[in-house]
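Subject: Handover of a structure and notes on its contents

Dear colleague,

Please find the sequence and the structure below.

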Amino acid sequence: MWDWAFTFEILPTLAKAAVISIEATLLGFVLAATLGLVLALTRIAVPWTAWPISVLVELIRSTPLLIQIFFLYFVFPSFGVTLDAFTAGVLALGIHYAAYCSEVYRAGFDNIPRGQWEASIALNLSPWTTFRDIIIPQAIPPIVPALGNYLVALFKETPLLSAIAVLELMQTAKIIGSETFRYTEPITMVGLFFLAMSLVSAAFIRAAERLLNRRPAR
Amino acid sequence: MTDRPMVRFEKVSKRYGPLTVLDSLELDIARNEKVAIIGPSGSGKTTVLRMLMTLEAIDDGVIWVEGEPLTHMERNGKLIPADRAHIRKIRAKIGMVFQSFNLFPHMTAMANCIEAPITVLGMSRKEAEERAAGLLEMVGLSQKKEHYPAQLSGGQQQRVAIARALAMRPKIMLFDEVTSALDPELVGEVLQVIRRLGSEHDLTMLMVTHQMGFAKEFADRVCFFSQGKICEQGPPKAFFGNPQNERTKQFLHAVLEAG
């Protein structure tokens, strides 16, 4: 049933593919976290954008990620924008999770007492300084766990990129399977890899949380 | 122009929907004058401070600071609503201390006091720290510079908030019920600091307060607000000793009875 020799044989190939999965995750999450923050800040700084941003966020959250991936990869070329599979995949992951992250940031900002904004105005701080020095440092630590959950969720969605033939773990496992007619080892290894990575990231997130909450509570 | 008022409210109105909070307020405050604003809750007294600090927009009228419009700016001899840059320029003359302190909880007392001088006034860190150290000493907290707000008592937090506002060298200081959130035994230390400010600094001070004793002893003028208007005002001696208005009498009777 389980062939150890075969497992060790395919391990280097899977390891290379794992690097692609991790790259896609990290790039996608950096995009998601940044774009999500930009969306959340924009709707506060420029009030009239709140409604269009809500619609956009709802649109992204209410459609499947797979469709968004296909859209970027297969439909965009007809508008003259051709992306390679990896770029399209990372963009789709990033934009999809940016919609979720922006809501998390928004909750974080909403939890800042009004007095903090008022004190910033009374001290004549610029809006930019207020965000950078007063609001963001207080808003981010409590939402790190929520953002971390999205990091893990995003990571677990990277196998969707196999649908546009990005050579990440899932796609590689499928190729190995179709070439050797053995699916047990590659698919199991991919599953174990995701399990291990998810547990490791969860531990990192908890550590980051502890670090950020070391300051005395208000 | 020495007779130019430090602050002038010219026919200023504020409404929330159908509710008129301030009705065509006219109020001049002279340079270095200490004005206590008293009145029942909902009388619009806190709104006066909040409008002057630009935390609330006004619906009618003009607020002037040292002869310059705060809420408006002059264009071709006409007053138009002020833009952000203009508001920031005039607002620099004003500082405010809040009922709930509103210190930045993620910053030490020192960091609270140097944030604005560095980022707004462009001071060097060293210079800002020297100024802040002086102010923290004045409010009796030299030993607490590196403490976070959560590690300080309410009275100490409020004194840091006063030092933080003073670090911007305002000409006008607004105190919005600054002792209302404090335990009774901590009220004295904050009032003591305000007393010192009044006697040692050239500051125009407006305070909304429920401390009648303090208003009587400290203020040059007491304004009694009721239903969005100044009902009665005058030097504390006359105001407390011989109030003219029926509503003033009722109010003073009620608060003195309670306190």
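Predicted model: local features only at pLDDT ≥ 70, side-chain atom pairs only at ≥ 80, totals over all residues.

Chain A

Chain A is built from eight helices and has zero strands. Read from the N terminus, its elements are therefore α-α-α-α-α-α-α-α. Along the principal axes, the C-alpha atoms of chain A fill a box of roughly 70 × 45 × 25 Å. Of its 218 residues, 32% count as buried. Among the contacts in chain A with a separation of 6 or more, 77% are between residues 24 or more positions apart.

One residue of chain A deserves a separate look. A:Ala165 sits in the loop between helix 6 and helix 7 (169-180) of chain A. Its phi is near 65 degrees, which is a positive value in a residue other than glycine. A:Ala165 has 14 other C-beta atoms within 10 Å and is partly exposed.

Where the chains meet

In the contact between the chains, 18 residues of chain A touch 23 residues of chain B. On the side of chain A that touches chain B, the elements giving two or more residues are helix 5 (114-122) and helix 6 (127-157) of chain A. Helix 5 of chain A gives the most, with six residues. By type, the residues on this side of chain A are nine nonpolar, five polar and four charged.

A sheet in chain B

Chain B contains an open sheet of four strands in the order 2-1-4-5, with antiparallel pairing. Which strands stand at the edges? They are strand 2 (19-29) and strand 5 (68-69) of chain B; each has a single partner strand, so one side of each is left without a neighbour in the sheet. Helix 1 (residues 45-52) of chain B packs on this sheet and touches strand 1 (7-16), strand 2 and strand 4 of chain B. The direction of helix 1 makes about 115 degrees with that of strand 1 of chain B.

The pairs of strands can be followed residue by residue. Strand 1 and strand 4 of chain B run antiparallel and are joined by five bridges. The bridge partner of B:Val7 in strand 4 of chain B is B:Val65. Strand 4 (residues 60-65) and strand 5 of chain B also run antiparallel, joined by two bridges. Here B:Val65 stands opposite B:Glu68, and B:Trp64 stands opposite B:Pro69. The hairpin of strand 4 and strand 5 of chain B has two residues between the strands, and in this hairpin B:Glu66 takes a positive phi near 50 degrees.

B:Gln227 lies in the loop between strand 11 (221-226) and strand 12 (229-234) of chain B. Its phi is near 50 degrees, again a positive value in a residue other than glycine. With 15 other C-beta atoms within 10 Å, B:Gln227 is partly exposed.

Buried parts of chain B

Is helix 3 (residues 109-119) of chain B largely enclosed or largely open? Eight of its 11 residues are buried, so helix 3 of chain B is largely enclosed by the rest of the structure. Among these buried residues are B:Met110, B:Cys113, B:Ile114 and B:Glu115. Their cover includes helix 6 of chain A, together with helix 4 (125-138) and helix 5 (154-166) of chain B.

A loop residue can be buried as well. B:Thr179 lies in the loop between strand 9 (172-176) and helix 6 (184-200) of chain B. B:Thr179 counts as buried because it has 24 C-beta neighbours inside 10 Å, where 20 or more are required. Leaving aside residues up to four places away in sequence, B:Thr179 touches B:Val187, B:Val190, B:Leu191 and B:Gln211.

The nonpolar cores

The largest nonpolar core has 113 residues. Those with the most contacts inside it include B:Ile37, B:Leu174 and B:Phe175. Helix 4 (residues 85-110) of chain A provides the largest share of this core, 11 residues. Apart from this core lies another, of seven residues, among them A:Ile10 and A:Met170. Not counting residues up to four places away in sequence, B:Phe175 touches B:Val97, B:Ile194, B:Met205, B:Met207 and B:Val208.

With kind regards

Note on methods:
Residues numbered from 1 in each chain as written. Chains lettered and ligands numbered in written order. Pairing = 2+ DSSP bridges. Contact = placed C-beta atoms within 7 Å. Axes fitted to C-alpha atoms, helices over the stretch in contact; angles between N-to-C directions. Nonpolar A, V, L, I, M, F, W, Y, C, P; charged D, E, K, R; others polar. Buried ≥ 20, exposed ≤ 12 C-beta atoms within 10 Å, placed from the backbone. Core = buried A, V, L, I, M, F, W, Y, C linked by C-beta atoms within 7 Å.
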